[in-house]
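Have a look at the picture first, then read on.

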Amino acid sequence: MTSDRRARADRLRAMALEPILAQSGARPDPHDRCKWHTARGVLSVRGVKFFNWHCGTGGGGAIDLVIHLHQLSFADALQWLEQHGAPSTTAAPSPGPPWPLRLPVPAPGQFHTVRSYLADKRALPLALVDALAQSGDLYADARANALFLLRDAHGQPVGAELRGTGPVPWRGMAPGSRKDLGCFSFPPSPRPNVILCESAIDALSCHALHPDLRALSTAGARPNPAWLPDLLHQGCHILCGFDRDVVGQSMAQALVSLHPSVQLFLPPLHDWNDSLRSGSSQAY
């Protein structure tokens with residue numbers, strides 16, 4: 001292992017375990033703060049060490065925890081942590097007021113770049129892109145990034161997904177985004193059939209291929225977004241359409257373990273936008 005790779009692994013291994021457990025859909029025990037209920041059984045967590053009493057195995061550090069919870073290889077666990085792990089290297093901080101949401105200022109003069117990117121590079125129907133822009137759920141910022149609003153159950157903005165439109169792939173979230181308070185969805189109005197996708201572009205791509213579905217973005221493959229139980233209680237038929245890769249499918253399996261009524265509905269190719277751009281609509 002090179003020094004750069006070793007430094008990368010050491011940095012990721014030092015992440016606090018509690019935020020990773022929460023991000024993986026685990027539930028803290030209400031009576032024992034060291035006990036967590038996971039899809040693989042009950043874990044005892046003390047500092048950087050954990051032990052699964054159901055499996056009779058344990059480990060130390062964030063990498064071991066992700067490998068154990070999601071059955072990933074070492075390399076895939078590093079990728080998972082970089083995409084989903086909390087940046088903290090110490091114990092989880094005490095709950096406090098969230099950072100205020102700071103949405104980038106709209107730059108109408110840059111929207112032509114965003115519109116061209118979504119239509120030409122991502123193959124999204126122009127009618128769909130224009131409808132989103134008209135509703136305010138999509139706009140361009142000063143850097144010509146595409147911004148997709150996350151809204152809560154009352155229609156209020158609670159965050160935004162950002163996607164770069166330049167030659168170098170880039171994605172991020174607006175500062176202060178609260179992914180568990182709401183999501184990007186299209187169409188925004190309720191429908192009985194709902195599919196969960198990993199990003200706003202994938203959600204739009206899936207809807208373009210399957211117009212009967214209301215497509216929601218979880219803003220990253222997450223097994224237990226806080227707003228999901230409300231949809232299940234409303235009687236919605238929920239499908240999980242996460243990416244067809246190791247991380248996406250491990251998160252999908254964790255989601256189904258937590259919510260057995262959810263059904264898998266995989267994109268034919270790696271993700272829904274790849275499938276849209278290839279002209280493939282069949283999923284299995």
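Five strands make an open sheet in the order 10-12-11-13-14, and their pairing is mixed. Here strands (E, at least two residues) and helices (H or I, at least four residues) are DSSP runs, numbered from the N terminus, and two strands pair if DSSP finds at least two bridges between them. At the edges stand strand 10 (184–186) and strand 14, each with a single partner strand, so one side of each has no neighbour in the sheet. Strand 13 and strand 14 pair in the parallel sense over two bridges, and Leu-239 stands opposite Gln-263 in strand 14. Helix 7 (residues 200–209) packs on this sheet, touching strand 10, strand 11 and strand 12 (214–217); contact means heavy atoms within 4.5 Å.

Before going further, note that this is a predicted model: local features need pLDDT of at least 70, side-chain atom pairs count only at pLDDT 80 or more, and totals for chains, interfaces and linings use all residues. Residues are numbered from 1 along each chain as its sequence is written, and side-chain values use heavy atoms, with hydrogens and water left out.

The other sheet to look at is open too, with four strands in the order 6-7-8-9 and antiparallel pairing. Its edge strands, strand 6 (138–140) and strand 9 (171–173), each pair on one side only. Strand 7 (residues 146–151) and strand 8 (residues 157–163) run antiparallel and are joined by six bridges. Arg-151 stands opposite Pro-157 in strand 8.

| Pair | Sense | Bridges |
|---|---|---|
| Strand 13 and strand 14 | parallel | two bridges |
| Strand 7 and strand 8 | antiparallel | six bridges |

Now for helix 9 (residues 246–258). Which of its residues are buried? They are Val-247, Gly-248, Gln-249, Ser-250, Met-251, Ala-252, Ala-254 and Leu-255, where buried means under 20% relative accessible area (1.4 Å probe, protein chains only). Their cover includes helix 3 (62–70), helix 4 (74–84) and strand 13 (237–240).

Helix 4 and helix 9 pack at an angle of about 75°, with their axes 10 Å apart. Axes are lines fitted to C-alpha atoms, for helices over the stretch in contact, and angles run from 0 to 180 degrees between N-to-C directions. That makes helix 4 roughly perpendicular to helix 9, a term for angles of 65 to 115 degrees. Helix 4 brings Asp-76, Gln-79, Trp-80, Gln-83 and His-84 to the contact, while helix 9 brings Val-246, Val-247 and Met-251.

Definitions and conventions. Buried < 20%, exposed > 50% of the residue type's maximum accessible area, 1.4 Å probe, protein only. Parallel < 35°, antiparallel > 145°, perpendicular 65-115°, else oblique.
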